[in-house]
Structures are given as C-alpha cells and as structure tokens.
Amino acid sequence: MEYFLQQLINGLTLGSIYGLIAIGYTMVYGIIGMINFAHGDIFMIGAFISLAVFLVLTTVLGFAFLPVVLLIVVIVAMLFTSVWGWTVERLAYRPLRGSFRLAPLITAIGMSIVLQNFVQITQGARVKPLPPQIRGGITLLEGNTDAGTIVVQLSYMQIIIVVTTVVLMTIFTLLITRTALGRAQRACEQDSKMAALLGVDVDQTISLTFILGAALAAVAGLMFLLLYGVIDFYIGFLAGIKAFTAAVLGGIGSLPGAMLGGLLIGLIEVFWSAYFSIEYKDVAAFSILAIVLIFLPSGLLGRPEVEKV
Amino acid sequence: MASSQTVIPPSAQKPADAQVEALGRDASSARVPSAERAENGLAASLRDAAIAAFLAGVLGFFFIGLRADIAPGGLDLRTRWGAWFTAMLVVFAARLALNLFVFRAARPVTQVLGARLSGIAVPGLGKWLARALLLFALVLPFFFTTFFPGRDRQFIDLAILIMTYVMLGWGLNIVVGLAGLLDLGYVAFYAVGAYSFALLATYFDFIGFWIALPLAGLLAAFWGLILGFPVLRLRGDYLAIVTLAFGEIIRIILLNWYEFTGGPNGISGVPRPTLFGIEFTRGEGGFADVFGLSYSPVHRIIFFYYIILALALVTNLVTIRLRKLPIGRAWEALREDEIACRSLGINTRNTKLTAFAIGAMFGGFAGSFFAARQGFISPESFTFIESAMILAIVVLGGLGSQIGVVIASIVMIGGIEMLRNIGFLTHIFGPGFDPVQYRMLIFGLAMVFIMVWRPRGLISTREPSVALKEKKRIGADMVAQGEGHR
C-alpha cells in the first residue's frame with residue numbers, strides 16, 4: 001500500500017511534465033494538423049537553456065537565494081525557448097504550408113535531427129549532471145513490512161512541479177478561453193480559411209501557438225532538470241514520443257485531454273516500472289501509442305474526426 | 001490525367017515561388033519596379049540579414065556562447081564569444097546572399113538551378129546517366145584496385161556502404177515512394193534480417209549466408225505483414241508515428257532479451273559468405289588457391305561488393321517490374337488518393353500489405369548482408385536515426401525516383417565520408433575539427449532545406465507508368481503526391 005502510494009505520487013509528478021510537453025503537440029496538431037516532431041527537442045533545448053541560466057546566475061553572478069534564481073531561470077528559459085520554437089516554425093513549417101501533408105512531418109524530423117546534433121556539437125555528448133537543488137519533503141506515511149520500513153514521501157520538488165503545472169494550466173486555460181489571442185487560436189483551429197476571411201492573422205496565430213507550446217516545454221525542461229538532475233542532448237526523443245502519446249491518448253486537439261493523457265502516461269510508466277520491468281517501460285509507452293492510435297484514434301476527450309471527401 | 005496534359009514551364013507555377021513569397025512577405029519592396037528595387041532591395045536585404053544575425057545570436061547565446069562542462073565539484077561554465085560572433089557573421093552573410101540572389105532577385109538562383117535539375121531528368125539523359133552509373137558500378141572494384149592500389153580497400157568499403165544505403169533506399173522507396181506509406185520504422189526490418197541470419201547461424205551450424213539470405217527476407221516480409229496489419233486503418237502522420245513505435249519496440253526487445261539475442265553485447269562471429277562453398281581464406285582450398293591467385297584480403301571485400309551490388313540491382317529490377325504490374329499501379333493509385341482507390345474497387349488492404357511485405361523483404365536482405373559484412377551485430381546499429389537517414393535519402397532523392405536514391409546516397413554518405421579525408425579543413429578550423437561530427441547536422445539541414453526548396457525531392461520528375469499514345473514528361477509541379485493523404 002505504501003509502495004503503491006509512493007508510486008502514485010511519482011507517477012503524477014512525471015505525468016505533469018509529460019502533460020506540459022503534450023500541450024505543445026496538441027495545440028499544433030489542432031491548428032495545422034501536423035505532428036511537430038521537433039517539439040520533444042524543443043523541450044530538450046529548454047532544459048539546456050535552464051541549466052545554462054542557472055549556472056550563470058549561481059556561479060557567475062553569485063545569486064544564492066534559490067526561489068529568485070528559479071524564477072529568473074523559468075522566465076529566461078521560457079523567453080529563449082520560445083524564440084527557438086518560433087524559428088523552427090518559421091524555417092521548417094511555414095514555407096510548406098499548403099504543400100502535401102507529409103512534407104512538414106519530414107522537415108520536422110529533419111529539424112529534430114538538427115536540434116539534437118546542434119546541442120550535441122555545441123554542448124558535448126556527455127550527460128550534464130546537476131546536484132539536487134531542492135531537498136527534503138514531507139513524510140506522509142510510514143509503514144513496516146518484512147523488507148523494512150517504507151516511507152511515503154512527498155518531496156518539495158514534487159510539490160513544486162505539481163503546483164507549477166496546475167498554475168500554468170490555469171493561466172493557459174484562461175488565455176485560451178478568455179482572451180482575443182485564445183479566440184483567434186480556437187477560430188484557426190476550427191477553420192483557418194474562414195478565420196482568415198474574418199480578419200484573423202492566421203500565420204501570426206500559428207506562430208503564437210508555437211511560441212506558447214515552446215514556453216510550456218521550457219518549463220517542463222526545467223522541471224526535468226531539477227527532478228532528475230541529469231540531461232543530455234537525447235532526452236527530447238523519448239520524452240517527446242511519450243508526450244505525444246499523452247496528447248493522442250487524451251484526444252489530440254484537446255487541452256484538458258493533453259493534461260489527462262500526460263498524467264495517465266506518467267502513471268502507467270511509473271507503475272509499469274514498479275511492478276513489471278523497468279527495462280521494458282519504453283515498450284509500454286510505445287505499445288500504448290500504437291494501441292491508442294489504432295483503436296482509439298480520437299482519444300479520451302477528443303472529437304472523432306469525420307472524413308470529408 | 002497526367003498523360004493528357006502538356007509540360008508547363010517550371011517558372012509558371014513552381015512551389016519554390018510560393019515559398020519565396022512566403023519568406024519575403026515582410027518585405028514590401030518585393031514587387032517594386034526594377035530600378036528602385038535594386039536599391040531598396042539592398043537596404044532591405046541588409047536589414048533583414050541583420051535581423052537574422054541577431055536572431056542567430058539570441059538562439060546561439062546559451063549554446064554557442066556558453067558551454068557547461070563537467071568539472072571537479074559540479075559543472076563549469078566556459079564562454080566562447082569568438083565562436084558566437086562567427087556564427088552570427090555566418091548567418092548574416094548567408095542570409096544576405098540568400099536575399100540578394102534568391103528571395104529578392106529578379107531571377108532567383110534556385111529557380112535556375114531547379115529548372116536545370118528538371119532538365120536532368122529528360123528521359124534520354126536520365127537513362128544514360130543510369131547506364132553510365134551502372135557500368136561504373138560493375139567495374140568499380142577493378143577501377144579502384146588499378147588506379148588507387150594503396151587505398152582500394154578503403155574506397156571499396158565506402159562503395160559497399162553506399163550500395164547498402166542504395167538498396168535500403170530502394171526498398172523503402174517501395175513503401176514510401178510508390179505506396180505513399182510513410183514508414184519511420186524501416187530499420188526494424190533491417191534488424192530482423194540481420195538478427196535472423198546471425199541467430200540462425202548461431203543456433204544451426206549448417207546455415208550459411210546463402211541459406212539464411214532468403215530466410216531472412218522471408219522473416220522480414222512476415223514481420224512486415226505482422227506490423228502492417230494493425231496499421232491498415234491509419235494514414236499519413238499517424239501511420240508514421242506507429243511505425244516508429246514498432247521500430248523502437250523491436251529494438252528495445254533486441255536490447256533486453258538477453259538470453260536470446262545477447263542484449264547490448266550483440267552477436268559476434270557471424271559466418272562469412274562463401275562462393276559456391278569456396279571460402280575467402282588463406283591457404284589450401286581458399287579462393288585465391290582455387291583460382292591460382294596470390295592471396296589478398298581485398299578479394300573478400302570485392303566479393304562483398306558484388307553481393308550487395310547484385311542484391312541492390314535485384315531490388316531495383318523487381319521494383320521497376322512491379323510498377324508495371326497491377327499491384328504497382330495499385331500502389332501508385334493508393335499514394336495519390338486512397339478514397340478514390342477504394343471506390344474504384346482496389347483492395348487497399350492487400351495493396352498496403354504487399355507494399356509493407358515487399359519493402360520489408362528487401363530490408364531483410366540488406367540486413368543479413370549487413371550482418372555478414374560486419375561479422376558482428378548489436379541493437380546499436382538499428383536506432384531511429386538509421387531509419388531517419390534512409391528516409392532522408394529517399395526523400396532527398398525524390399520520392400519514388402530510383403536514380404534519385406542513388407544520387408542522394410552517393411552525395412550524402414559518400415560526400416560526408418569524403419569530408420573526412422579533406423586535409424585543408426583541419427587547417428582552417430584547427431586540429432580539433434572533425435567533420436564527421438557534423439554529419440547528422442548536415443543530414444538534418446539538408447532534409448529541411450531540400451524539402452522546403454523542392455518538396456518533391458531533387459529528382460522529382462516522374463515518368464507516367466501508363467501512357468496514352470506517347471509518354472510525356474511530367475514536371476514536379478504537376479504531381480500532387482500524397483494529396484490523397486490529407
């Protein structure tokens with residue numbers, strides 16, 4: 001029971017990170033109907049920028065008060081990662097709008113390779129470890145089993161991750177439902193041609209979608225860095241695939257769906273590793289991806305897609 | 001539809017044109033008469049290039065300007081402002097050149113070049129190019145042993161590598177280029193082929209390369225069917241992602257099923273192929289002994305070269321013949337429009353499955369060749385990057401174009417290997433410069449830019465499979481490839 005509870009907490013934490021990345025996939029798919037394959041690597045870029053900003057602040061400028069440092073890191077990382085997201089869209093996707101449908105997917109794969117190798121060349125292939133910055137936590141339960149004492153702990157790190165995710169999700173939902181930008185975004189999602197006729201700048205809206213997605217991915221990158229303490233240029237591939245799975249599972253195009261899917265994928269991965277086998281945890285994620293796409297392509301909260309001829 | 005239409009000059013409606021417009025939209029001077037335009041154009045170009053350079057500076061700040069390295073007691077931050085400024089300058093120059101010669105030029109260089117490339121594919125010339133390449137491929141080992149006796153081994157090895165990618169490209173071309181099914185997990189079949197041969201040879205002593213080759217092909221085709229069956233309903237990008245997932249699942253299983261596949265250690269001691277039972281060994285009964293030659297390790301390499309050449313040519317021949325059969329026509333129809341295909345009574349299920357199975361079979365052949373060539377295989381050789389590379393070759397060559405795959409393989413694989421040998425680059429960039437490091441970066445950039453510039457690939461002209469009375473060339477802009485996959 002205690003073990004189960006601990007895994008539940010871990011799963012929800014991991015799921016929050018996946019959920020934040022998944023929003024980027026789901027928004028882009030909703031608005032231009034393409035899989036932004038490079039989004040996982042934008043997440044990786046976000047993690048690297050966070051690390052660099054963190055090091056600049058702590059070692060070069062000598063800031064010591066952690067909350068302020070983290071706040072600055074989050075803001076700078078979001079800004080710079082957004083520029084990356086915008087550039088990728090501008091270079092690789094916008095020129096291909098109106099081309100055949102697989103063209104942007106192919107450039108997206110190309111972009112993913114470019115980003116990974118760019119980071120590998122400029123930052124080196126070795127992993128970058130960062131010692132845990134936020135230590136300690138709240139002990140919820142203590143249970144005695146034959147193997148010894150099991151402590152169910154809710155670490156401060158996990159609390160921060162979940163709270164940040166909830167806050168960002170709230171801001172984001174308000175942004176989409178209440179503001180002019182959100183209205184334009186939803187209009188483009190429903191019918192971009194009609195939206196353009198009614199005076200919505202579709203290109204700009206799409207750019208903003210990429211910027212928002214990248215900013216959320218940057219936060220996810222920072223959380224990943226703080227939670228695991230290790231990053232390398234390759235983390236974007238697996239995290240991206242899993243977040244995409246989350247987006248599809250939740251119903252692609254649906255924002256609450258992306259969050260729900262993220263939590264589910266996080267839970268499944270953690271429980272699978274805890275109770276079955278840790279070697280095959282990625283197989284679990286990939287299998288879910290295949291199964292969902294084949295049997296439930298519209299996901300849990302998505303609208304079924306009607307095919308028009 | 002295709003055969004009834006005449007050629008439209010590429011300048012009239014090129015995809016590149018639309019792209020130029022899209023990129024130059026912010027510049028209001030794009031449609032100003034020429035005299036004013038030249039001046040305005042220069043100022044605007046300079047401003048635009050400066051913006052691009054600034055953007056590059058922002059993007060590169062945390063990556064090129066700073067570098068975190070592991071140092072005793074945590075991470076250490078190093079600065080590289082020189083490299084950062086150089087990167088900005090490079091972007092400035094590149095963007096300025098692009099602006100002056102492409103985006104704002106009266107006659108964009110890309111258009112001229114594009115027209116030239118379309119010109120290459122004139123039926124006669126394309127055929128002659130193919131024949132010349134084939135002839136060269138046939139005599140290649142002797143060419144190198146005669147003219148480069150010191151380095152023949154290295155060159156033939158490179159030729160084998162290129163030929164392997166040509167074969168994989170041709171195999172994938174059946175699935176992606178002809179049937180229009182974007183397969184991101186092609187490397188799985190390559191792995192199935194390689195592991196079939198290696199495992200069969202490990203568990204059964206009597207199995208050599210020539211017995212294992214057809215078995216590996218069959219097994220790979222079988223896996224093609226198994227993996228193809230669940231994805232029948234999927235299209236376009238969903239299909240791509242699921243095939244990617246399957247490819248990764250197979251790799252992870254190979255990596256973790258330690259008792260059977262050896263896990264990350266792989267399988268070593270894969271037997272070498274023989275020529276009708278004659279082994280390429282030194283001494284009694286070896287190849288050199290039987291044919292009265294003096295022993296040389298190059299013989300085996302030349303033998304390998306001819307095996308992969310033969311395999312690749314078989315792939316090509318089968319593809320060309322299949323295109324003329326009903327199944328090949330069904331593939332191409334499926335690529336253009338699945339719904340129309342179905343309404344015309346084509347069995348899309350069988351059509352897709354045969355495409356998957358046949359493509360997978362050639363991947364399996366190539367895989368067992370790879371195992372025989374290396375003598376050692378491990379899951380590391382079958383990562384997603386490998387799939388992406390094969391796909392890049394197919395895409396860059398022009399989806400569905402056979403000669404395009406050859407050119408793309410030679411340029412991408414051969415070109416980058418050649419980069420390794422160029423001495424003066426190290427003089428420019430310092431002794432630590434290793435061009436191979438940039439291999440995948442160049443690959444990715446080429447994938448993006450060629451796709452943006454010519455979405456149909458470098459060689460994008462297609463000959464219609466069926467023609468009324470006479471064959472006419474169809475320009476890239478006339479082929480709506482993949483339109484059915486919306």
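1. Let's start with A:L66. This residue counts as exposed because it has 11 C-beta neighbours inside 10 Å. A:L66 sits in helix 3 of chain A. In sequence, A:L66 and A:P132 are 66 residues apart, while their C-alpha atoms are 12 Å apart in space.

2. A quick word on what you're looking at: this is a predicted model, where local features need pLDDT of at least 70, side-chain atom pairs count only at pLDDT 80 or more, and totals for chains, interfaces and linings use all residues. Residues are numbered from 1 along each chain as its sequence is written, and chains are lettered from A and ligands numbered from 1 in the order in which they are written.

3. Now for where the two chains meet. Chain A gives 56 residues to the contact and chain B gives 56 residues; two residues are in contact if their C-beta atoms, placed from the backbone, lie within 7 Å. On the side of chain A that touches chain B, the elements giving two or more residues are helix 2 (39–60), helix 3 (66–93), helix 4 (102–123) and helix 11 (281–295). Helix 4 of chain A has the largest share of that side, with 16 residues. By type, that side of chain A splits into 40 nonpolar, ten polar and six charged residues. Here Ala, Val, Leu, Ile, Met, Phe, Trp, Tyr, Cys and Pro are nonpolar, Asp, Glu, Lys and Arg are charged, and the others, Gly among them, are polar.

4. Helix 2 of chain A also packs on helix 8 (residues 202–228) of chain A: their axes come within 7 Å and cross at roughly 55 degrees. That angle makes the pair oblique. For reference, under 35 degrees is roughly parallel, over 145 roughly antiparallel, 65 to 115 roughly perpendicular, and the rest oblique. The contact includes A:H39, A:I42 and A:F43 from helix 2 of chain A, and A:G213, A:A214 and A:A217 from helix 8 of chain A. Its residues divide into 13 nonpolar, five polar and no charged.

5. Over to chain B, whose secondary structure comes to 19 helices and four strands. These are DSSP runs numbered from the N terminus: helices are H or I with at least four residues, strands are E with at least two. Of the 486 residues of chain B, 44% count as buried.

6. Have a look at helix 7 (residues 187–203) and helix 8 (residues 209–228) of chain B, which pack at about 135 degrees with their axes 8 Å apart. This pair is oblique because of that angle. Among the residues that meet are B:F189, B:V192 and B:G193 in helix 7 of chain B, and B:A212, B:L215 and B:A216 in helix 8 of chain B. The contact holds eleven nonpolar, four polar and no charged residues. Helix 7 of chain B has 14 of its 17 residues buried, so it is largely enclosed by the rest of the structure.

7. Finally, helix 19 (residues 439–453) of chain B. Its 15 residues reach 21 Å from first C-alpha to last, close to the 21 Å expected at 1.5 Å a residue; the expected span is 1.5 Å times one less than the number of residues. The buried residues of helix 19 of chain B include B:M440, B:F443 and B:G444.

Key
A residue is buried if 20 or more other C-beta atoms lie within 10 Å of its own, exposed if 12 or fewer, and partly exposed in between; C-beta atoms are placed from the backbone. Axes are lines fitted to C-alpha atoms, for helices over the stretch in contact, and angles run from 0 to 180 degrees between N-to-C directions.
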